[in-house]
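Visitor: I am new here. Please show me how to read this structure.
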Amino acid sequence: MRAKVMIWAAILALLADQISKYLVVRVMDVANRGGIDVLPPLLRFRYGENTGINFGLFGGGTDTTRWVLIALSLVICVVLVVWIARLPANARMMQLSAGLVIGGALGNVVDRLLYGYVLDFLNMSCCGINNPFVFNVADIFIFAGAAGLILFDGRQKNPA
C-alpha cells in the first residue's frame, strides 16, 4: 500500500491522543484536582471541555455544532487521504504529515462522539503571559501535520 506511513502515523497519533486524555483526565483526575502543575508556568494540566474549534471558537455547545464539526473533520480526513494517494509513493514526509492531521482529527472526533465535546488538558504560559486556553495532544498533531503539509508540499523545487 502506497500510504503506509500515513496510516501508521494516523493510528499512532490517535492512540497517543486518546491514551493521554485517559491518563490525565480519568486516571490523574485533573478535573477534580483543580489542575496539576507539571513545569509551572510552562506546562500545567488544566481540565477543559471544548464544544467548538481551537480556542473555543464556534463553541455554542449545540448538538448541531457538534455534528457539523464531526462531519467537517471527517471530510478533511477523506480529502487528505485522496490527496496523499495521488502523490508519489516516496512522498513519505507528506504521508507522515497527513497521518498526523488525520490521527489528531479522529482523536477529537472520538471525543465529540463519546462526550459531545473535546477533552482538553494542556495549558502553557510563559514569560509573564498567562494563557487561559487549554488544548490536547490531538491539537499538537494537527498543528504539526499541517505545518508539515506546508513545508513538505510534495512539489519538486526548481532552482532559480
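Visitor: Which backbone oxygen does the side chain of Asn-123 reach?

Guide: This is a predicted model, where local features need pLDDT of at least 70, side-chain atom pairs count only at pLDDT 80 or more, and totals for chains, interfaces and linings use all residues. Residues are numbered from 1 along each chain as its sequence is written, and side-chain values use heavy atoms, leaving out hydrogens and water. Now your case: the side chain of Asn-123 reaches the backbone oxygen of Phe-133, at 2.9 Å.

Visitor: Is Asn-123 buried or exposed?

Guide: Buried means under 20% relative accessible area, and exposed means over 50%, with partly exposed in between (1.4 Å probe, protein chains only). Asn-123 has 5%, so Asn-123 is buried. Asn-123 sits in strand S3, residues 118–123. Contact means heavy atoms within 4.5 Å. Not counting residues up to four places away in sequence, Asn-123 touches Leu-42, Arg-44, Asn-131 and Val-134, among others.

Visitor: At what angle do H4 and H5 cross?

Guide: Angles run from 0 to 180 degrees between N-to-C directions of axes, lines fitted to C-alpha atoms, for helices over the stretch in contact. H4 (residues 92–115) and H5 (residues 137–151) cross at roughly 150°, and their axes come within 7 Å. That makes H4 roughly antiparallel to H5 (over 145 degrees; under 35 is roughly parallel, 65 to 115 roughly perpendicular, the rest oblique). Residues in the contact include Met-94 and Gly-104 of H4 and Phe-141 and Gly-148 of H5.

Visitor: Which residues of H1 meet H5?

Guide: Ala-13, Ala-16, Asp-17, Ser-20 and Lys-21 of H1 meet Val-137, Ala-138 and Phe-141 of H5.

Terms used:
Helices (H or I, at least four residues) and strands (E, at least two) are DSSP runs, numbered from the N terminus. A polar contact is a pair of N or O atoms within 3.5 Å; within protein, one must be able to donate a hydrogen and the other to accept it, and residues adjacent in sequence count only if both atoms are side-chain atoms.
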